[in-house]
2 protein chains.
Amino acid sequence: MTTPAVTRVPQEERTRAMRQRLLEATVELLVEKGFSGTTTTLVSERAGVSRGAQLHHFPTKNDLVVAAVAHLTEIRGQELAAAAAQLPRGKKRTRAVVEMLGDHFASSVFTAALELWVAARTDPALLEAVGPLEERVGRETHRLTVQLLDVDESVAGVRELIQATLDLVRGLGLANTLGDDARRRHRILDEWARTLDESLGFEARSARTSTTGDARSARTSTTGRST
Amino acid sequence: MTTPAVTRVPQEERTRAMRQRLLEATVELLVEKGFSGTTTTLVSERAGVSRGAQLHHFPTKNDLVVAAVAHLTEIRGQELAAAAAQLPRGKKRTRAVVEMLGDHFASSVFTAALELWVAARTDPALLEAVGPLEERVGRETHRLTVQLLDVDESVAGVRELIQATLDLVRGLGLANTLGDDARRRHRILDEWARTLDESLGFEARSARTSTTGDARSARTSTTGRST
DNA sequence: AAACAAACAGTCATGCTTGACTGTTTGTGA
DNA sequence: TCACAAACAGTCAAGCATGACTGTTTGTTT
């Protein structure tokens, strides 16, 4: 019963721990050194694991990185779930959701994923592993966002706006990798959240009236679009 | 008079041509093989230039790539200017502008720039060259977009929406590198163009049911993007 | 306790990229 | 036409990442 076929049950505790350390070291190095800078030697050193031990678990660099992708996916899911759990309900929820997504895509987790993403573009073997995985994560994120915003996707246009939001934070995350500017990001997402609320039919949620009035329509005949 | 200091005037024609070929080969390889896959040997082979000739013009790989960045910037500017010249005026202009940006950020030019962008993140020498350049290009693109859309940036929120638009197309471009269809992009940008018009006070432009309440449910799935 | 199996550790050869070196061609001025 | 200088071409050694190989330790089962 407890011994299915082979005889290694308590040992795999060490195995798990070692793999864990290797994967975490890999992610760290991806952020610090980039993909090509993440050498297998550096990984083993960083993880405090011998070279042979590493090869034992991950025979090739691709194996290691592919496993890191999966590990990363796990982290991403946990992070998002944790952040989503403590979102405020009510009028400022849209903005909170958007900011949460923005922060997530500005984290080091995204940076590491970006490295893999870009590397996978020109590495068929990596693409085969990263592609489906990232697609799955994307769908999951989309679903989560729809759920968090509590919108009806069957309404035309809503799905596209959600996708736009996710692509926006992706773009912001990309911009964030070179020059960190959290203030810019927050300003943009703040405005985005307002626009989103308006377009989704949540005007009541975030009334922007006070700040600008109807100054938006300064150019094409003042249509006086108050709300 | 015609010989300032040294004696090479007609010869530099060849020089320019050779540099041009090298830079174009570099860009091509960046798209095909990625940054680390772009070896100096491959570049010289692709360009039909000898190894020594290449080293003569670009002593190190960094020099070559940095020059490629500048060359790329040139291309990006030309592409955008050319596309902007034949934009339709009138009601569908916003959508046309947005689509133009979307297409631009989905081109191979963006792909090559992305490789450099990501590589520069973990390469100080490269960052020093790419950072300011990309920032300048970003500002230029922003300015161009403002001009093309003919919006007043002094109005609160407008600047952020323009930035959001650019970050959105950047995110879409990133998604496009792995394998994202153009249809998705067009749907998203189409919807965003509408939203942008509404938020900028151009409702008259993109005739769409009014924005009050959740009028979106009124419009069903039709909404093709002709007309 | 002993034997067996798996996990772990260290070392080394292979292959590749880089850029430095030397020779050749092309263009310019006298 | 000759001399000089710059651009160009090809080759080669150094440095490094990779992963294959062999030996050692740890854990389990009888």
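Trainee: What should I keep in mind about the model?
Mentor: It is predicted, so local features need pLDDT of at least 70 and side-chain atom pairs count only at pLDDT 80 or more, while totals for chains, interfaces and linings use all residues. Residues are numbered from 1 along each chain as its sequence is written, chains are lettered from A and ligands numbered from 1 in the order in which they are written, and side-chain values use heavy atoms, with hydrogens and water left out.

Trainee: How can chain A be laid on chain B?
Mentor: A turn of 180 degrees with a shift of 0.0 Å along the axis does it, at an RMSD of 0.2 Å, from a least-squares superposition on the C-alpha atoms of residues with pLDDT of at least 70 in both. The two copies are thus related as by a two-fold rotation axis.

Trainee: And how many residues does the contact take from each chain?
Mentor: Chain A gives 54 residues and chain B gives 56, where contact means heavy atoms within 4.5 Å. Of the interface residues of chain A, 91% are also interface residues in chain B, so the copies meet through the same surface.

Trainee: How many salt bridges cross the interface of chain A and chain B?
Mentor: The rule finds six, a salt bridge being a side-chain nitrogen of Lys or Arg within 4 Å of a carboxyl oxygen of Asp or Glu. One of the pairs between the chains is Glu160(A) with Arg187(B), whose closest N and O atoms are 3.2 Å apart; this pair runs from helix H8 of chain A to helix H9 of chain B, helices being DSSP runs (H or I, at least four residues) numbered from the N terminus.

Trainee: Is Glu160(A) buried or exposed?
Mentor: Glu160(A) is buried, with a relative accessible area of 12%, whereas Arg187(B), at 35%, counts as partly exposed. Buried means under 20% relative accessible area, exposed over 50%, and partly exposed in between (1.4 Å probe, protein chains only).

Trainee: Switching topic, which helices does the salt bridge of Arg46(A) and Glu28(A) tie together?
Mentor: Their side chains meet at 2.8 Å, N to O. Arg46(A) lies in helix H2 and Glu28(A) in helix H1 of chain A, so the pair ties together parts that are 18 residues apart in sequence.

Trainee: Last one: how many residues of H9(A) are buried?
Mentor: In H9(A), 15 of its 19 residues are buried, which leaves the helix mostly covered, and Gly201(A), with a positive phi near 90 degrees, follows the helix.

Definitions and conventions:
Helix = DSSP H or I, 4+ residues; strand = E, 2+ residues; numbered from the N terminus.
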